[in-house]
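Reader: I am new to reading protein models. Please take me through one, feature by feature.

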Amino acid sequence: MDGNKRWVSGDLQHPDRDPDRREFVAQKQEPFGSVLACIDSRVPPELLFDTGLGDLYVMRTGGEAVGPVVTGSVEYGPITSGTPLIVVLGHQRCGAVEAAYKSLRDDEPLPGNLESIAKALRPAYQQTVRQGGADPVDRMARAQVTLTAADLRSNDALAPLVKKGSLAVIGAYYSLDTGKVEVLSGAPY
């Protein structure tokens, strides 16, 4: 979050982005965090957290949709190298969430494999519809983050690490307008 504060203020350090760092991590990596973010080109985790080479494992899918391969990729850092943090990062004006919302609302499947994203986001859509209120696409983006983080926190491989306190799974939301990351769920005490 300190890196995000630097991103918001424009006082960037650009850490770990030089040949010495490249040589240091060439043989082994020990990222301090894993980020599951959207594919949106405006939401690059390494930049908006002002991190560098070898600092983060990053997985990106449309709307943070998950399935077995993505979940396995998220599990990789904590299980193999003790990475202590997972951040599920949604964002403002998410096109994947908007497309899924409209598809599910109108009962019109999306073309090709885009439909798999809509299906993965169905629980967030259903929660959004139940709760009602203004700006359903934004509420659905936030719901997707919270639900995905909760699912990861309680999955068979990660739950024991969360329980013993060696892993935190955070749900967060990125504002395209301000550059700020807001923690929605799972902040360690």
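**Pocket, cysteines and a loop residue**

Author: With three residues, α1 (2–9) gives the most to the lining of the largest pocket. Helices (H or I, at least four residues) and strands (E, at least two) are DSSP runs, numbered from the N terminus. The model is predicted: local features need pLDDT of at least 70, side-chain atom pairs count only at pLDDT 80 or more, and totals for chains, interfaces and linings use all residues. Residues are numbered from 1 along each chain as its sequence is written, and side-chain values use heavy atoms, without hydrogens and water.

Reader: Which residues lie nearest the centre of the largest pocket?

Author: Rolling a probe the size of a water molecule over the atoms shows where empty space is left. Here, Met1, Phe32, Phe49, Leu85 and Val87 lie nearest the centre, among 18 lining residues. β3 (85–91), β4 (168–174) and β5 (181–185) each give two or more residues too.

Reader: How many disulfides does the search find?

Author: A disulfide is a pair of cysteine sulfur atoms within 2.5 Å. The search of the whole structure finds zero. The sulfur of Cys38 is 3.8 Å from that of Cys94, its closest, so the two are too far apart for a bond.

Reader: Is Cys38 buried or exposed?

Author: Buried means under 20% relative accessible area, exposed over 50%, partly exposed in between (1.4 Å probe, protein chains only). Cys38 is buried at 2%, and Cys94 is buried at 3%.

Reader: Where is Thr83 found?

Author: Thr83 sits in the loop between α4 (68–81) and β3. Thr83 is buried, at 2%. Contact means heavy atoms within 4.5 Å. Beyond neighbours within four places in sequence, Thr83 contacts residues including Pro31, Tyr57 and Leu167.

Conventions:
On a 1 Å grid over the protein atoms alone, a cavity is a set of points where a 1.4 Å probe fits but cannot get out, and a pocket is an open set with protein on both sides within 12 Å along at least five of seven lines; lining residues have an atom within 4 Å of a point.
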